[in-house]
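Let's take a walk through a protein model together. Have a look at the fold first, and then follow along.

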Amino acid sequence: MPSVEKLLEAFRENPRGVRFADAHRVCTRFFGEPRVKGSHHVFRTPWAGDPRINIQNRNGFVVEYQVRQMLAAIARWKDEHDA
């Protein structure tokens, strides 16, 4: 099983080919368990507003724009926790 950092690198290289299970694992690592409402898995962030994290399982994959939002939120989380 690849590390979280290796998964993030793969997400940046190909945001269209991100498996839902991998995205869920990475988001859970940074933001805890999601609130699930239907097909939406919404992760709580420590800030109000964007970037928000909402991922959906679409035939085993996550939609590209949701991957970009997830990467933006993780970058912000890292910036705030490395300072």
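**Starting from a cysteine**

Cys27 sits in helix α2; helices here are DSSP runs of H or I with at least four residues, strands are runs of E with at least two, and both are numbered from the N terminus. This is a predicted model, in which local features need pLDDT of at least 70 and side-chain atom pairs count only at pLDDT 80 or more, while totals for chains, interfaces and linings use all residues. Residues are numbered from 1 along each chain as its sequence is written, and side-chain values use heavy atoms, with hydrogens and water left out.

Is Cys27 buried or exposed? Its relative accessibility is 0%, so Cys27 counts as buried. Buried means under 20% relative accessible area, exposed means over 50%, and partly exposed lies in between, using a 1.4 Å probe and protein chains only. Leaving aside neighbours within four places in sequence, Cys27 is in contact with Gly32, Phe43, Ile53 and Met70, where contact means heavy atoms within 4.5 Å. Cys27 and Val4 are 23 residues apart along the chain, and their C-alpha atoms are separated by 9.5 Å.

Let's follow one of those contacts. Met70 belongs to helix α3, and with a relative accessible area of 0% Met70 is buried too. Apart from neighbours within four places in sequence, Met70 is in contact with Phe11, Ala23, Cys27 and Ile53. Met70 and Leu8 are 62 residues apart in sequence, yet 9.9 Å apart in space, C-alpha to C-alpha.

**How the helices pack**

Two packed helices are described by the angle between their axes and the distance between the axes. Axes are lines fitted to C-alpha atoms, for helices over the stretch in contact, and angles run from 0 to 180 degrees between N-to-C directions. The axes of α2 (residues 20-31) and α3 (residues 64-82) come within 11 Å and cross at roughly 25°. Therefore α2 and α3 are roughly parallel to each other. Angles under 35 degrees count as roughly parallel, over 145 as roughly antiparallel, 65 to 115 as roughly perpendicular, and the rest as oblique. On the α2 side, the contact is made by Ala23, Val26, Cys27, Arg29, Phe30 and Phe31, and on the α3 side by Met70, Ala73, Ile74, Trp77 and Lys78.

How does α1 meet α3? The axes of α1 (residues 4-13) and α3 come within 10 Å and cross at roughly 130°, and that makes α1 oblique to α3. Glu5, Leu8, Phe11 and Arg12 in α1 meet Val67, Met70, Leu71, Ile74 and Lys78 in α3.

Which residues touch the most other members of the largest nonpolar core? Of its 22 residues, they are Leu8, Phe11, Val26, Phe30 and Phe31. A nonpolar core is a set of buried Ala, Val, Leu, Ile, Met, Phe, Trp, Tyr and Cys residues joined through side-chain atoms within 4.5 Å. Not counting residues up to four places away in sequence, Leu8 touches Val26, Phe30, Leu71, Ile74 and Lys78.

Now turn to the loops. Pro51 lies in the loop between β2 (40-43) and β3, and the peptide bond from Asp50 to Pro51 is cis, with omega near -5°. Asn59 is in the loop between β3 and α3. Although Asn59 is not a glycine, Asn59 has a positive phi of about 55°. At 78% relative accessibility, Asn59 counts as exposed.
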